[in-house]
Amino acid sequence: MKKYILDLKVKQVEQIHQRYVLIKLTDDKPLPDMLPGQFVEVRVDGSTSTFLRRPISINFVDRNANELWLLVATVGDGTRTLAKLQPGDTLNCVLPLGNGFTAAKAGEKVLLVGGGVGVAPLLYMGAEMKRQGIEPTFLLGARTANDLLMLPIFNMYGRVYVTTEDGSMGEKGFVTNHSLLNEERFDRISTCGPTPMMKAVARYARQNSIDCEASLENLMACGLGACLCCVEKTTEGNLCVCKDGPVFNIKKLLWQD
Amino acid sequence: MARLNVKIADLELKNPVMTASGTFGYGLEFADLMPLDGIGGIIVKGTTLNPREGNDYPRMAETASGMLNCVGLQNKGVDYFCEHIYPQIKDIDTNMIVNVSGSSPEDYAECAARIDALDNIPAIELNISCPNVKDGGMAFGVTCAGAASVVKAVRQRYHKTLIVKLSPNVTDIAEIARAVEAEGADSVSLINTLMGMAIDIEKRKTLLSINTGGLSGPCVKPVALRMVWQVAKAVKIPVIGLGGISCAKDAIEFLMAGATAIEIGTANFLDPAVSIKVRDGINEWLDAHGCKDVSEIIGVI
């Protein structure tokens, strides 16, 4: 898939949570093709302590509005600077990068499991599935009801099941404790979120012989597979999360416990 | 349009801009984002006789105006390069140069000899300055005798343009440059990364898996520039300058300090098309200042 360096226009920046902003970008020309699970390397201008680009997963692509959505967790100076972008500003992006989730096939029952800001790429994944006539099932986890991001939009594209650690919404506990996993059988799981959560999801998938892909977020520099900084140990040796991932089949990862 | 061609011994460059090893993959990774044939050369990832897995993750830490890395020469070995990568890059219309590393003079020489056999690789850059490997690498590059031993062994088996990449982690870099010149190096490139460190104070742990790493980026530029100037005065062979170059002005500084060509490294991560912009910026500067040939500014300091 061809990569581009683009100065995208900031259309809207929405503070959807104390720690998360949703940045909607557009361009005069139609945005390039992008797959669910791929990511963007954004240049952070105006933060002296931020040297490298920041990899941000593609949250949603609205073809009708020609919009690219990035859901950004404000964890450091770089992302806090991104949160201060204003409509009309430009954001320099290298995109699309990495490999996306395997596209769902007709008739497949696919479960999309996300936690925290890791829910971001699952929205685009679910929306693309729905567009192809395959209804996705979302299983989303967070600490509290307040931390569940973009729920109304997820509801537009598929069935949504929820867990919270404090029980303030959905079932209490972690995603892997949800009763859905005992009641329904899925053909495939795509997951993105904190590593302990993804490892638990991977364990469930292995035990039940379900095909499973996980999206990793190791620290990156180039985003292109050139610097070899973001490596993950796999059955094929050290692979770059940016170029060989960020989505990996769990069979390739050394997560067996 | 000024004349931008330069020569590094027998190696002809269409312009003095190259990309530095370990920051530009095999060039292919950047093919969508810039015209690879627009620059003078591409120095591909460090290659060793045997495959290397490199160091554990984490291998990178961001710093003020730069970054530390401890990748540790991860590569699939020279035979894999010759069989699988060379066919994909051999027809790129620029100088495709291989960075060669090893853990003994014999290793270096054997690796170099295998690359000597590849028609479309006109030069190698000998890496005696990697700070991130225990065996070899920088160990050779920090003494005159060590540096000389590797160059001597390689020179016997390698017959094309031999560039030696020097470490800044030494007391007197000019002395090392003279030692490799005496053993038949055709050119020296400098600087490799400066050894550094960073700590996560909450976890009370270093940020890199092997504790230390190599510092690169704009923060090292003044050090690199000073060393290029010192080495250019000390040797007769052409000098290739690198270290924190991220715009045409930076590149022109290195040329004025005595570099015949320059390499762009870490800046490729910030702007994958930066090398083309640097080339164009050098040309515009020369035009604006009435220079007809880039040679007019090389070594004027």
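**View 1. Strand 9 and strand 10 of chain A are joined as parallel neighbours.** Strand 9 (residues 159-164) of chain A is linked to strand 10 of chain A by 2 bridges; strands pair if DSSP finds at least two bridges between them. Within this region, T164(A) has K172(A) of strand 10 as its bridge partner. Helices (H or I, at least four residues) and strands (E, at least two) are DSSP runs, numbered from the N terminus. The model is predicted: local features need pLDDT of at least 70 and side-chain atom pairs count only at pLDDT 80 or more, while totals for chains, interfaces and linings use all residues. Residues are numbered from 1 along each chain as its sequence is written, and chains are lettered from A and ligands numbered from 1 in the order in which they are written.

**View 2. An open sheet of 7 strands in chain A has mixed pairing.** The strand order is 10-9-8-7-11-12-15. Strand 10 (171-172) and strand 15 (247-249) of chain A each have a single partner strand, so one side of each lacks a neighbour in the sheet. Helix 2 (residues 120-131) of chain A packs on the sheet and touches strand 7 (110-115), strand 8 (137-142), strand 11 (188-192) and strand 12 (211-215) of chain A; contact requires C-beta atoms, placed from the backbone, within 7 Å. The direction of helix 2 makes about 160 degrees with that of strand 7 of chain A. Helix 5 (residues 195-207) of chain A lies across strands 7, 8, 11 and 12 of chain A, at about 170 degrees to strand 12. Axes are lines fitted to C-alpha atoms, for helices over the stretch in contact, and angles run from 0 to 180 degrees between N-to-C directions.

**View 3. An antiparallel open sheet in chain B contains 4 strands.** Their order is 5-6-14-11. At the edges stand strand 5 (60-63) and strand 11 (194-197) of chain B, each with a single partner strand. The twist averages 40 degrees from one strand to the next. Strand 5 of chain B pairs with strand 6 (residues 66-69) of chain B over 4 bridges, and E62(B) has M67(B) as its bridge partner in strand 6.

**View 4. Chain A and chain B meet in a contact.** Chain A contributes 23 residues and chain B 29 residues. Strand 13 (231-234) and strand 14 (237-240) of chain A each supply at least two residues of the side of chain A that touches chain B.

Technical notes
Contact = placed C-beta atoms within 7 Å.
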